[in-house]
Amino acid sequence: MHPNRRTALGITVAVAVAAAALVGCERGTSTGGGPAAPGPTRAGCPTVLAGAQAAVQRAMKTNPAWHGPTRGPRAVPGKSIVYVAQTMTNPGVAGAVNGVREAAKALGWNVRVIDGQGTPAGIQAAFSQALALRPSGIVIGGFDPELTSQQVAKANARRIPLVGWHAVDSPGPSKDPELFSNITTRVQDVAKISADWVIAHSHGHAGAVVFTDASIPFARNKSELIKKGLATCDGVRLLAEENIPIPDTSSRTPQQVSSLLSRFRDRWTYSVAINDVYFADAAPALRAAGKKGAGAPFNIGAGDGDPSAFQRINSREFQAATVPEPLSQQGWQILDEFNRAFSGAPPSGYVAPVHISTAANSGGATTWDPPGYRAAYLSIWGR
């Protein structure tokens with residue numbers, strides 16, 4: 001469940017309203033990090049910097065070896081899968097769907113996508129429709145299963161395997177809700193590599209702003225982990241944490257960015273957001289203030305890595321990096337997990353490693369599509 005939440009985080013908004021009471025910040029407010037001093041006057045962090053540089057170098061490799069499954073059950077024929085999508089306007093959800101469809105052709109399976117239209121009522125209706133089709137398996141595509149707890153219970157009672165994509169916080173099997181597996185990167189890894197990138201890119205001297213949606217527990221946890229990572233370097237000062245709900249980014253982000261520029265001026269040199277979408281909405285305010293698209297503040301999105309983020313990165317327009325999900329690979333993995341469920345085999349346990357995309361290593365692509373997985377899955381399935 002990583003943002004573009006106008007990616008996958010957006011779907012938890014209905015539930016998140018109740019959760020908002022548990023957080024300490026008002027919507028649209030910022031929490032300062034204490035008096036901000038220019039980064040170079042601080043001591044820096046040579047040991048932490050060396051570790052961050054090494055981690056970033058690994059994460060930026062564009063031709064990593066495949067470390068996913070190489071063994072598993074042969075393809076079970078004639079299966080039907082329904083992908084219940086949070087909304088097909090969510091680029092992360094849609095990217096995973098594309099991978100599912102591609103893999104289904106290789107397996108000879110039938111796939112139907114039902115669009116939940118991004119609302120709790122729409123998602124519930126879509127899941128009910130999926131159950132009525134009596135499929136072999138159902139994908140929970142980018143939404144919190146708590147929104148459809150009754151339908152999930154019915155699927156479990158009918159022994160219809162459920163595989164989630166960003167459905168719960170952690171990858172792998174889930175007991176509550178009962179999922180055969182959940183496909184996602186680890187939030188801890190995404191948060192850490194985002195902080196590492198700031199430390200490495202700034203050589204250990206940065207004034208940073210973190211953008212989050214504190215009304216969503218998952219997003220708030222991610223931003224807390226990002227702040228913890230930034231705090232490991234003495235030369236990185238947290239200037240502010242901006243709490244802007246995902247649905248409000250277009251209306252609130254420009255105003256908050258203008259306020260940040262007024263408060264911190266050139267001391268604001270880096271930003272980390274729990275989702276790339278914040279930088280789409282920050283760009284107009286940065287441009288209006290005379291900031292250069294390829295200059296500070298240098299922005300990294302700790303989110304899905306949707307095509308619009310890649311476009312900003314490749315054109316050097318107010319976003320320098322993203323930590324993208326391998327959406328197509330995750331789609332193939334969804335069907336591999338179903339094949340294991342149908343065969344009585346355990347889940348694969350595979351979790352994709354984090355990757356960083358920048359203009360220097362993206363090759364102009366608009367998605368992160370690592371090598372090796374297609375051949376590996378085809379070999380497993382006997383295709």
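Let's start with C233, which is buried at a relative accessible area of 1%; buried here means under 20% relative accessible area, exposed means over 50%, and partly exposed is in between, with a 1.4 Å probe and protein chains only. Its partner is C45, joined to C233 by a disulfide with an S to S distance of 2.0 Å. C45 is buried as well, with a relative accessible area of 9%. Looking along the S-S bond, the angle is -80°, and the link between C45 and C233 is left-handed.

Where do C45 and C233 sit in the chain? C45 is in the loop between strand 1 (30–32) and helix 2 (46–59), while C233 is in the loop between helix 7 (217–230) and strand 9, so the pair links distant parts of the chain, 188 residues apart. Helices (H or I, at least four residues) and strands (E, at least two) are DSSP runs, numbered from the N terminus.

A word on what we are looking at. This is a predicted model, in which local features need pLDDT of at least 70, side-chain atom pairs count only at pLDDT 80 or more, and totals for chains, interfaces and linings use all residues. Residues are numbered from 1 along each chain as its sequence is written, and side-chain values use heavy atoms, with hydrogens and water left out.

How confident is the predictor? pLDDT is its confidence in each residue, from 0 to 100. The chain has a mean pLDDT of 89, and 89% of its residues reach 70 or more. Over residues 1–29, though, pLDDT stays under 50, and the model has 101 contacts beyond four places in sequence for them, a contact being heavy atoms within 4.5 Å. Residues 32–41 are also below 50, and this stretch has 18 contacts in the model beyond near neighbours in sequence.

Now please turn to helix 8. Its 16 residues, 249–264, should span 22 Å at 1.5 Å a residue, and the end C-alpha atoms are 21 Å apart, which agrees; the expected span is 1.5 Å times one less than the number of residues. Buried in this helix are T249, T253, Q256, V257, L260, L261 and F264. Down the axis of helix 8, those buried residues fall within an arc of 140°, so they line one face; the arc is taken from the directions from the helix axis to the C-beta atoms. What covers them includes strand 8 (206–212), strand 9 (236–243) and helix 9 (277–288). On the face turned away from the buried side you will find the exposed residues S251 and Q255.

Last, some backbone geometry. Most residues other than glycine have a negative phi, and most peptide bonds are trans. Just after helix 8, R265 has a positive phi of about 50°. R265 is in the loop between helix 8 and strand 10 (270–273), and it counts as exposed at 59% relative accessibility. H203, not a glycine either, has a positive phi of about 55°. H203 lies in the loop between helix 6 (187–201) and strand 8, and is exposed with a relative accessible area of 53%.

And which peptide bonds are cis? One runs from D176 to P177, with omega near 5°, and P177 is in the loop between strand 6 (172–174) and strand 7 (179–183). Another runs from A296 to P297, with omega near 0°, and P297 is in the loop between helix 9 and strand 11 (298–301).

Terms used
pLDDT = per-residue confidence, 0-100. Disulfide = S-S within 2.5 Å.
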